[in-house]
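Trainee: I would like to go through this model and ask what stands behind each label.
Mentor: Go ahead.

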Amino acid sequence: MIRGARLHMLDIQQLRSNLQNIITRLAQRGYDFPVADFESLESQRKSVQTLTQTLQAKRNSASKQIGIARQRGEDVSLIMAEVANMGDELKQAENQLEAVQTRLQQLLLEIPNLPHDSVPAGKDENDNLEMRRWGTPKTFDFPVQDHASIGEHLKLIDFETAAKLSGARFSLLKGGLARLHRALAQFMLDTHTQENGYNEIYVPYLVNADCLRGTGQLPKFEQDLFAVRSGAQEEADNPDKTGPAGLHLIPTAEVPLTNIVRNTIVPLENLPLQFVAHTPCFRSEAGSYGRDTRGLIRQHQFDKVELVQITHPEKSHEALESLVGHAEKILQKLELPYRVMLLCTGDMGFSAAKTYDIEVWLPAQQAYREISSCSNCEAFQARRMQARFRKGQEKPELLHTLNGSGLAVGRTLVAILENYQNEDGSITIPEILRAYMGGIERIGL
RNA sequence: GGAGAGAUGGCCGAGUGGUCGAAGGCGCUCCCCUGCUAAGGGAGUAUAGGCUCAAAAAGCUUAUCGAGGGUUCGAAUCCCUCUCUCUCCGCCA
């Protein structure tokens with residue numbers, strides 16, 4: 001049997017009828033569309049599929065006739081002989097179709113999303129557009145320390161022990177900083193659930209391959225993930241298998257949160273869905289050797305409060321603006337200066353049609369550093385996930401999905417350490433967090 | 001971990017090899033009827049593909065009864081593997 005439904009990242013109809021346009025738009029984000037491969041596979045697919053279906057139709061009608069004749073008690077040996085010969089031809093056609101479809105599928109699953117019209121064309125982060133700034137970087141009348149030094153002097157960040165336990169790019173927080181880290185996550189969750197209308201969700205931290213394909217991490221970015229297997233298994237042999245085999249640690253809660261609507265038809269009146277979850281995130285950081293090796297900026301494991309919205313396609317771009325606002329609100333309440341960047345075509349992630357990064361001011365680096373990334377994936381993930389909505393009796397339509405950090409907890413901790421540092425090496429607790437810290441105002445030696 | 005029972009359309013539920021994409025019911029949509037209400041009658045009611053077509057409409061066609069594979073001219077139905085759910089026992093935070 002051949003599966004009829006195939007998942008693609010871009011609208012396959014669009015791809016067939018509007019190929020040149022799509023190639024041009026993908027080129028803007030630096031993607032070289034494999035035209036020759038695609039066209040050859042498409043033409044193969046067309047002829048093989050037509051052949052296969054014709055043979056199937058023949059077989060079906062012959063089988064039906066056999067059934068009818070049998071019931072009448074007629075002799076069926078003649079038709080039987082005729083159909084029997086078809087078997088091999090059909091099987092061969094089906095196998096061929098399967099092979100072509102698989103190759104086509106592989107190709108299609110690796111094509112990134114199309115940039116939205118409002119996204120500036122550009123090559124890398126230097127072409128991103130600054131939208132706005134909030135807050136003024138504080139001037140210090142003493143030499144500022146970076147967060148790693150501050151934490152180590154306080155003896156509340158212990159990288160050595162973390163390395164002993166797990167290796168490089170892990171960290172261990174103690175005492176007041178561990179509590180501050182927890183307070184931050186609580187504060188973020190409370191803000192998003194109580195003020196921004198999000199529904200708090202607790203999610204699995206291990207997900208199957210379908211989820212990762214749905215949000216776009218697979219098949220292309222396997223190397224960025226951690227795969228796990230249970231001790232009872234020899235190997236995670238078949239990544240496609242559901243169940244304990246082939247599970248991966250989530251690189252972000254976007255994966256489980258967005259996949260909540262995989263293979264579902266959401267009633268129109270339930271839209272938009274707004275989910276928030278606080279989870280650890282696990283990333284292999286392959287290919288980032290030497291970058292941000294010091295401190296908490298780039299870790300294999302970090303906590304994040306993630307926002308996900310599932311919206312009507314006509315509402316997604318205004319939803320993106322509000323989602324960015326929700327993330328910004330956290331920084332405002334923490335009184336941390338930041339700027340909002342609109343990413344250019346070349347700097348966006350695989351699944352995104354449009355992305356805003358929020359960058360927080362880090363005094364020790366004298367620079368703004370990413371603390372949140374908010375993306376509208378439009379129908380890209382929804383198509384991979386078959387996430388749809390239905391209006392009345394009309395046909396189901398693909399939803400739009402959005403996600404954003406609200407915020408990365410570890411990096412927020414970094415920002416607080418650096419922006420709220422005092423000359424004596426202590427940290428002032430931001431006003432808004434004191435309720436979560438038992439009222440204390442300062443963390444010091 | 002052991003024993004057993006299951007998985008069918010929006011829902012319930014029939015279907016153990018043949019005109020089955022699937023009876024029946026509920027729900028829903030449209031229409032008719034009845035002065036309102038209630039009741040009644042009729043029609044319709046899955047999804048994703050492909051082909052024909054400039055396109056639309058329409059037509060033809062394929063696939064899908066938890067998933068994957070197998071047997072067969074033909075599979076919801078038979079066989080194998082897996083997943084999930086439920087019940088009982090054991091174990092466990």
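Mentor: Start with the largest pocket, whose lining has 16 nonpolar, 18 polar and 16 charged residues. Keep in mind that this is a predicted model.

Trainee: What makes a residue part of that lining, and which ones are closest to the centre of the pocket?
Mentor: A lining residue has an atom within 4 Å of a point of the pocket. Of the 50 residues that line the largest pocket, Arg-283, Arg-298, Gly-349, Glu-370 and Ser-373 are the closest to its centre. The space in this pocket is about 1700 Å³.

Trainee: Which element gives the most to the lining of the largest pocket?
Mentor: Strand E11, with seven residues. Helix H12 is among the elements that give two or more.

Trainee: How do you know that H7 and H12 are in contact?
Mentor: Contact requires heavy atoms within 4.5 Å. Residues that make the contact include Leu-180 and Leu-184 of H7 and Leu-413 and Ile-416 of H12. The residues of this contact are nine nonpolar, three polar and no charged. The two axes come within 10 Å and cross at roughly 115 degrees, and the crossing is right-handed.

Note on methods
Residues numbered from 1 in each chain as written. Chains lettered and ligands numbered in written order. Predicted model: local features only at pLDDT ≥ 70, side-chain atom pairs only at ≥ 80, totals over all residues. Heavy atoms only, no water. Axes fitted to C-alpha atoms, helices over the stretch in contact; angles between N-to-C directions. Helix = DSSP H or I, 4+ residues; strand = E, 2+ residues; numbered from the N terminus. Left-handed = near helix turned anticlockwise from the far one by under 90°. Nonpolar A, V, L, I, M, F, W, Y, C, P; charged D, E, K, R; others polar. 1 Å grid on protein atoms, 1.4 Å probe; cavity = no way out; pocket = protein on both sides within 12 Å on 5 of 7 lines; lining within 4 Å. Points joined across faces, edges and corners; volume = space filled by probe spheres on them.
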